[in-house]
Amino acid sequence: MPRVYVTRKIPPTGLDLLRQSCDVYVWDGELPTPRDVLLEEAAQADAILTMLSDRIDSALLDAAPNLKVVSNYAVGFDNIDVAGATERGIAVGNTPGVLTDATADHAFAMMLAAARRLGEAERYVHQGEWKTWHPTKLLGQDVFGATLGVVGFGRIGQAMARRATGFNMRILYTGGSSAGAVAAELGAEAVELETLLRESDFISLHVPLTPDTKGLLGVDAFKMMKETAILVNTARGGVVDSAALVTALQEGQIAYAALDVTDPEPIPMDNPLLTLDNCLIVPHLGSATTTTRDRMGVIAAENILAGLKGETLPFCVNPEVFEDES
Ligand code: GLV
Ligand code: GLV
């Protein structure tokens, strides 16, 4: 039976599916598989099921002569050297689709939480500061009727925009070249990034991390934004220049940031963002619902089962691997 290594304990449905036809080894630590263990396991594996916290680089691929599939338990795959995998004929899979709505729900929740300062408000209660109903403390911003800028109008960006229609928001977006019909349905306007930054009350990031999007929001971008703007990042930390963000929040170039992702992850405890009241940070929870994580496991397993049979993965990042063979 083919040997499959799974770098973290994922929900059981996907693992059970793999176990029907593979020898499955699962790292069951609370922290990622250590690099040396991962290298040893990859050396013996026909497929690996990886997390976004595992670095799958050329050194690892070189150490894995039998490897046919790298199946990432995520929609993003910036942790994987995809070009290197393609060169070696290794298929790379991801788990799009099933996490779209969970992630958009989470982005919307982060937006509402930042607008109404829920993180600060919770600390206020826990610290015993709630002495009476207060007419002017912890005032936030209106979401209903405000302008939302969606940076990256793919599956998750579109789902975020769909939610915003229920809040009567004006919706601006960038990217999503094939999204015209959805945009028309939602009443979303395609604009240049600069226009989006200048006109939005809320800016939500939904682009993958690539060389093109690394540091997309930097010093100049924050200067263009409204002083009342709220940034929501559920995409990847690296899309934002962290130092520029700290300055923007400290100097009031923008009002607030709600971060589900940071650069690096986890955020070091001495990072200045952790000292700012106007920054809400949670630990990369976009897809974190029971149902979604279960479905991601099934897709990650199905990607492996297909790849081990030499079939195109249902969700393949580098399908050219299969075209080359035919
Ligand atoms: C989460 O960040 C993912 O890419 O699935
Ligand atoms: C708030 O609770 C109100 O009654 O206005």
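Author: The residues around ligand 1 are Leu52, Ala74, Val75, Gly76, Leu99, Gly286 and Ser287; a residue counts as near a molecule if its C-beta atom, placed from the backbone, lies within 6 Å of it. This is a predicted model, in which local features need pLDDT of at least 70 and side-chain atom pairs count only at pLDDT 80 or more, while totals for chains, interfaces and linings use all residues. Residues are numbered from 1 along each chain as its sequence is written, and chains are lettered from A and ligands numbered from 1 in the order in which they are written.

Sorted by class, the shell around ligand 1 holds four nonpolar and three polar residues, and no charged ones. Here Ala, Val, Leu, Ile, Met, Phe, Trp, Tyr, Cys and Pro count as nonpolar, Asp, Glu, Lys and Arg as charged, and the others, Gly among them, as polar.

One of the shell residues, Gly286, is also the end of a span in the UniProt record: an unreviewed entry there lists "domain: D-isomer specific 2-hydroxyacid dehydrogenase NAD-binding" at residues 108-286. UniProt positions follow the numbering used here, feature names are shortened, and annotations may be inferred rather than shown by experiment. The end C-alpha atoms of residues 108-286 are 10 Å apart, and the chain over this span is 32% helix and 16% strand. Helices (H or I, at least four residues) and strands (E, at least two) are DSSP runs, numbered from the N terminus.

Next come the helix pairs. Helix H5 (residues 100-115) and helix H7 (residues 155-165) have axes that come within 8 Å and cross at roughly 55°. Such axes are lines fitted to C-alpha atoms, for helices over the stretch in contact, and angles run from 0 to 180 degrees between N-to-C directions. H5 and H7 are therefore oblique to each other; angles under 35 degrees count as roughly parallel, over 145 as roughly antiparallel, 65 to 115 as roughly perpendicular and the rest as oblique. On the H5 side the contact includes Thr100, Asp101 and Phe108, and on the H7 side Arg155, Ile156 and Arg163; contact means C-beta atoms, placed from the backbone, within 7 Å. By class, the residues of this contact are six nonpolar, two polar and three charged.

Arg117 is not a glycine, yet its phi is positive, about 55°. Most residues other than glycine have a negative phi, and most peptide bonds are trans.

Methods. Contact = placed C-beta atoms within 7 Å.
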